[in-house]
Amino acid sequence: MGKEHKYETKVEWTGNKGTGTSNYREFERSHTISVEKKVSILCSSDPAFRGDSSKYNPEELLVSSISSCHMLWYLHLCSEAKVVVLEYTDFATGTMVEKANGSGQFSEVVLKPLVKVKDASMIDEAQALHKKANEFCFIANSVNFDVRHQSTCVEFEG
């Protein structure tokens, strides 16, 4: 068995408007996610579930976690392969299917990274490393839905 890592977070509900959960419509879904010595993240539920659209929701954070983990592995693998990445931007999307009873689950996340490399000769290897990054991504390996990639790699022109 490999090394074990533990992560501690604090999630605190901040949406009590005075009567708690006395009625479904009488409380906010606002909450704060915090980790010791880090900036807090203001969250709510998706607006479709009575949430505040100006705050992050758990679904966005899940998609962002997958995207971020993939990017970090990808950049690591590129550096080992001598593929020089100069810019990386991902436009990830996640699809959640809501069931008739109100529950739901993600059916897929699609990562759409735009990668700019130093030299055109690096493009093929840069494209191929997305598959390997997906195999190593801790978060992608922890979910029960497909994580697909529609990557674009181009030569940096700057």
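Predicted model: local features only at pLDDT ≥ 70, side-chain atom pairs only at ≥ 80, totals over all residues.
Local features need pLDDT of at least 70, side-chain atom pairs count only at pLDDT 80 or more, and totals for chains, interfaces and linings use all residues. Residues are numbered from 1 along each chain as its sequence is written, and side-chain values use heavy atoms, without hydrogens or water. Helices (H or I, at least four residues) and strands (E, at least two) are DSSP runs numbered from the N terminus.

**Helix H1**
- H1 (58–80) has 23 residues and reaches 33 Å from first to last C-alpha, close to the 33 Å expected at 1.5 Å a residue.
- Its buried residues (under 20% relative accessible area, 1.4 Å probe, protein chains only) include Ile 66, His 70, Trp 73 and Leu 77.
- Asn 57 caps the N-terminal end, with a side-chain oxygen 3.0 Å from the backbone nitrogen of Glu 59.
- Just after H1, Lys 82 takes a positive phi of about 65 degrees.

**Helix H2**
- The end C-alpha atoms of H2 (residues 123–136) are 21 Å apart, which agrees with the 20 Å that 14 residues should span at 1.5 Å a residue.
- H2 bends by about 25 degrees at His 130; the bend is the angle between axes fitted to the seven residues ending there and the seven starting there.
- Ala 126, Leu 129, His 130 and Ala 133 are buried in H2.
- Cover for these buried residues includes H1 and strand S4 (85–90).

Technical notes:
Expected span 1.5 Å × (residues − 1). Buried < 20%, exposed > 50% of the residue type's maximum accessible area, 1.4 Å probe, protein only. Contact = heavy atoms within 4.5 Å. Polar contact = N/O pair within 3.5 Å; in protein donor to acceptor, adjacent residues only side chain to side chain.
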